[in-house]
Amino acid sequence: MEDKEIVAKMIAKDFQGLEGLIDSYGFAICQTIYRVLNHPVEASYRKEVENEVFYKIWSNSSQFDSTKASLKTWCLTITRHLAVDKKRQVIRQLREVPSEILPEALAWQEPLGKEEFLALVAILSPEDQLIFLKSFFFQDKPGEIAKDLGLDVAVVSNRLARGKQKLRNELLKEGRS
């Protein structure tokens, strides 16, 4: 089934359009979700995000504009945004979970406690917070972070360096070093 036919059927609320979309782009959509929600603690949210993605594509199919992007690009953009939103939500929830409940793999072993680190990182922009959490909490490498967030490795490295300096200055202001 061609993209035009898929979109036309989804706009007409014909489930064959959704089936055609799943056949054509379902694997790429799931792969994108798995790349963003790539940690064990996030695995249980993958199916939820997948359902949200297909529902959002289905309900917003009339907004698709083939002059701006291909159907695949439009779908994967929606997918990535929803998956990143879920990742941020999971990270926020982790802030609220007492450390005794966290699995061993996530136990914080640095001199600065997990709660202190999360409170300190809160001074950064939301995207920089995500970069820091992926780097220092989940131990992802800059290349993995760049791939997950669709950024250049140099951008991630620069944000980490600037963020470290900002956090260092904040600690100095508070009288800790």
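In this predicted model, helix 6 (residues 126-137) packs against helix 7 (residues 142-149) at an angle of about 140 degrees, and their axes lie 10 Å apart. That angle makes helix 6 oblique to helix 7. A search of the whole structure also finds two aromatic pairs, and the ring of Y34 has R46 over its face.

**Packing of helices 6 and 7**

- The crossing of helix 6 past helix 7 is right-handed.
- Helix 6 contributes L130, I131, K134 and S135 to the contact, while helix 7 contributes I145, D148 and L149.

**Aromatic pairs**

- A pair of aromatic rings is described by the distance of the centres and the angle of the planes.
- Two aromatic pairs are found in a search of the whole structure; one of them joins F15 and W58, whose ring centres are 4.9 Å apart and whose planes meet at 5 degrees, so this pair is stacked.
- F15 belongs to helix 2 (residues 15-36) and W58 to helix 3 (residues 46-59), so the pair ties together parts that are 43 residues apart in sequence.
- F15 counts as exposed because its relative accessibility is 55%, above the 50% cut-off.
- W58 has a relative accessible area of 12%, which is under the 20% limit, and therefore counts as buried.

**Charge over a ring**

- R46 lies over the face of Y34, at 4.3 Å from the ring centre.

How values were computed: Residues numbered from 1 in each chain as written. Predicted model: local features only at pLDDT ≥ 70, side-chain atom pairs only at ≥ 80, totals over all residues. Heavy atoms only, no water. Phe/Tyr/Trp six-rings, centres within 6.5 Å; stacked < 30°, edge-to-face > 60°. Helix = DSSP H or I, 4+ residues; strand = E, 2+ residues; numbered from the N terminus. Buried < 20%, exposed > 50% of the residue type's maximum accessible area, 1.4 Å probe, protein only. Lys NZ or Arg CZ within 6 Å of the ring centre and 35° of its normal. Axes fitted to C-alpha atoms, helices over the stretch in contact; angles between N-to-C directions. Parallel < 35°, antiparallel > 145°, perpendicular 65-115°, else oblique. Left-handed = near helix turned anticlockwise from the far one by under 90°. Contact = heavy atoms within 4.5 Å.
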